[in-house]
Amino acid sequence: MKKQLLLKIGKYLMAAFYFLGGINHFLQPEFYLPLIPEYLPEKDLLNTIAGIAEVVGAIGLLIPQTRKIAAWGIVAMLVAFIPSHVYFIQIGSCLEEGLCVSEWIGWIRLVLIHPLLIWWAFIYTK
């Protein structure tokens, strides 16, 4: 019973997290655009795709018939975001007139938080 409740709460928290994050890609693109590595083209398009993917994934998590595929989509999306985390570390974890944190925080995001987010989404693939 407790496990089911935790899974349900986790599902709604994850959906809210990705829904709000996805919407934020449209409200504050200037936050995300500098995080996209220079070697990737069409930054505006990539930001839009990321925002749509997060919103669609969030909604998909809430629909029983699409939950598994949405969770796999979130896993794939998070894997696709890894180059941005690496890039953020490469540029010293500091954006001019933007996000600026200690470099160790960039590493924590890459090697600890990001894998935990992938694991969290993976739970709902079953």
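Start by selecting Glu-42, which is exposed at a relative accessible area of 57% (buried means under 20% relative accessible area, exposed over 50%, partly exposed in between, with a 1.4 Å probe and protein chains only). You'll find Glu-42 in the loop between helix 2 (29-32) and helix 3; helices here are DSSP runs of H or I, at least four residues, numbered from the N terminus. Check its backbone too: phi of Glu-42 is near 55 degrees, a positive value in a residue other than glycine. Most residues other than glycine have a negative phi.

A word on what you have open. This is a predicted model, where local features need pLDDT of at least 70 and side-chain atom pairs count only at pLDDT 80 or more, while totals for chains, interfaces and linings use all residues. Residues are numbered from 1 along each chain as its sequence is written, and side-chain values use heavy atoms, with hydrogens and water left out.

**Stop two: the core**

Now select Met-14, Tyr-18, Leu-61, Ile-74, Leu-78, Ala-121 and Tyr-124. These have the most contacts inside the largest nonpolar core, which has 14 residues. A nonpolar core here is a set of buried Ala, Val, Leu, Ile, Met, Phe, Trp, Tyr and Cys residues joined through side-chain atoms within 4.5 Å. At least two residues of this core come from each of helix 1 (2-27), helix 3 (43-62), helix 4 (67-80) and helix 6 (103-123). Helix 4 gives the largest share, five residues. In soluble globular proteins, nonpolar side chains tend to be buried together.

Zoom in on Tyr-18. Skip its neighbours within four places in sequence, and Tyr-18 is in contact with Glu-54, Val-55, Ala-58, Ile-74, Met-77, Leu-78 and Leu-117 (contact means heavy atoms within 4.5 Å).

**Stop three: two partners of helix 4**

Show helix 1 and helix 4 together. Their axes come within 13 Å and cross at roughly 50 degrees; axes are lines fitted to C-alpha atoms, for helices over the stretch in contact, and angles run from 0 to 180 degrees between N-to-C directions. That makes helix 1 oblique to helix 4, given that angles under 35 degrees count as roughly parallel, over 145 as roughly antiparallel, 65 to 115 as roughly perpendicular and the rest as oblique. Lys-11, Met-14 and Tyr-18 of helix 1 make the contact with Arg-67, Ile-74, Met-77 and Leu-78 of helix 4. By class, that contact has five nonpolar, no polar and two charged residues (Ala, Val, Leu, Ile, Met, Phe, Trp, Tyr, Cys and Pro count as nonpolar, Asp, Glu, Lys and Arg as charged, and the others, Gly among them, as polar).

Helix 3 and helix 4 pack at an angle of about 150 degrees, with their axes 8 Å apart, and that makes helix 3 roughly antiparallel to helix 4. On the helix 3 side, pick Ala-50, Ala-53, Glu-54, Gly-57, Gly-60, Leu-61 and Leu-62; they meet Arg-67, Ala-70, Ala-71, Ile-74 and Met-77 in helix 4. The residues of this contact divide into eight nonpolar, two polar and two charged.

Move to helix 5 (82-90). His-85, Tyr-87, Phe-88 and Ile-89 are buried there, and the buried residues of helix 5 pack against helix 6. Gln-90 also lies in helix 5, but counts as exposed at 59% relative accessibility.

Just after helix 5, Gly-92 takes a positive phi of about 85 degrees. Next click Ser-93, in the loop between helix 5 and helix 6. Its phi is near 60 degrees, a positive value in a residue other than glycine. Ser-93 counts as buried, at 0% relative accessibility. Leaving out residues up to four places away in sequence, Ser-93 touches Phe-88, Leu-99, Cys-100, Val-101, Ser-102, Glu-103 and Gly-106.

**Last stop: Tyr-12**

Finish on helix 1, where Tyr-12 is found. Tyr-12 is partly exposed, with a relative accessible area of 46%.
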